[in-house]
Amino acid sequence: MSWRATVLTLFPEMFPGPLGQSLAGRGLERGIWSLQADDIRAHTTDRHRTVDDTPFGGGAGMVMRPDIADAALAAHADGRPAIYLTPRGRPLTQSAVRRLAGGPGVVLFCGRYEGIDQRVIEARNLEEISVGDYVLSGGEPAAMILLDACVRLLPGVMGAAESAEDESFSTHLLEYPHYTRPAEWQGRGVPPVLLSGHHAAVAAWRRAEAERITQERRPDLWALHQSDLRARTVVTGRTAP
Ligand SMILES: C[S@@+](CC[C@H](N)C(=O)[O-])C[C@H]1O[C@@H](n2cnc3c(N)ncnc32)[C@H](O)[C@@H]1O
């Protein structure tokens, strides 16, 4: 059974968009995952196909109606996690991506306007996920980000050449720098250890660089990494390599 993604959106023509290319696109073609974009407006019942209304309490903007959002969600309620993409959600992390990629798939609700009525979030027990501390004009690019991150982890999507094991966030560390030919470019060389052929020394250099970069740029991740190390020391009595 392939991993199934359903996107509820007012702009179904935006999909597959970038997800039809490269790794994700090849995975789609090969049936490793499937993507269905369902038009929220198709779940309206009035002549004008209205999906939004003015906010109770006043204020600028429009709110997506709970009855329409609920009808769209009900049409795909089959046990997959139902997610509302919103700047108010918990930040999307690699561990959340791994959890979602390990399940049967996802149903993603893309908001527009000021977002959806709170009651449908509660009634449908929607998981709220944000792709970052900035405001997009709609949930569609956020859905693409979430799907791209999940799909590349599905078995068979990435080849051995694109392993996810060593990547940023795999142990709460950012990735070390990469170099390729030419060995000298615009007067800039390559760290000599990478040309040494000494695998253990290369691994140690990469590890040290990953630690340095994480410490410099992301003190929050560095703290998580340190607490992982402490936990492993307690369990095994040894410090992790
Ligand atoms: C203009 S935004 C609404 C912003 C909302 N009024 C607020 O201040 O939180 C419209 C829709 O874009 C999506 N969106 C915007 N920024 C997002 C983010 N950082 N992560 C996930 N979805 C986002 C959500 O689906 C949202 O309902």
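This report describes the sheet, the helix packed on it and the salt bridges of a predicted model.

Five strands, paired in parallel, make up an open sheet whose order is 2-1-6-5-7. Strand 2 (33–39) and strand 7 (127–130) each have a single partner strand and stand at the edges, so one side of each is left without a neighbour in the sheet. On average, and with direction ignored, neighbouring strands of this sheet are turned by 35° against each other.

Strand 5 (residues 82–91) runs parallel to strand 7 and is joined to that strand by five bridges; for Tyr84, the bridge partner in strand 7 is Glu128. Helix 5 (residues 140–151) packs on the sheet, where it touches strand 1 (3–9), strand 2, strand 5, strand 6 (105–110) and strand 7, and the direction of the helix makes about 175° with that of strand 1.

The structure holds 13 salt bridges, among them one between the side chains of Arg112 and Glu140, with an N to O distance of 2.8 Å. Because Arg112 lies in the loop between strand 6 and helix 4 (118–123) while Glu140 belongs to helix 5, the pair ties together parts that are 28 residues apart in sequence. Arg112 and Glu140 are both buried.

In helix 6 (residues 199–217), Arg207 and Glu211 are four residues apart, about one helical turn, and their side chains meet in a salt bridge at 3.0 Å, N to O. Arg207 is partly exposed at 29% relative accessibility, as Glu211 is at 23%.

Arg212 and Glu216, also four residues apart in helix 6, form a salt bridge whose closest N and O atoms are 3.1 Å apart. Here Glu216 is exposed, with a relative accessible area of 55%, whereas Arg212 is partly exposed at 37%. Elsewhere, a network of salt bridges links Arg4, Asp78 and Arg80.

How values were computed. Residues numbered from 1 in each chain as written. Predicted model: local features only at pLDDT ≥ 70, side-chain atom pairs only at ≥ 80, totals over all residues. Heavy atoms only, no water. Pairing = 2+ DSSP bridges. Helix = DSSP H or I, 4+ residues; strand = E, 2+ residues; numbered from the N terminus. Axes fitted to C-alpha atoms, helices over the stretch in contact; angles between N-to-C directions. Contact = heavy atoms within 4.5 Å. Salt bridge = Lys/Arg side-chain N within 4 Å of Asp/Glu carboxyl O. Buried < 20%, exposed > 50% of the residue type's maximum accessible area, 1.4 Å probe, protein only.
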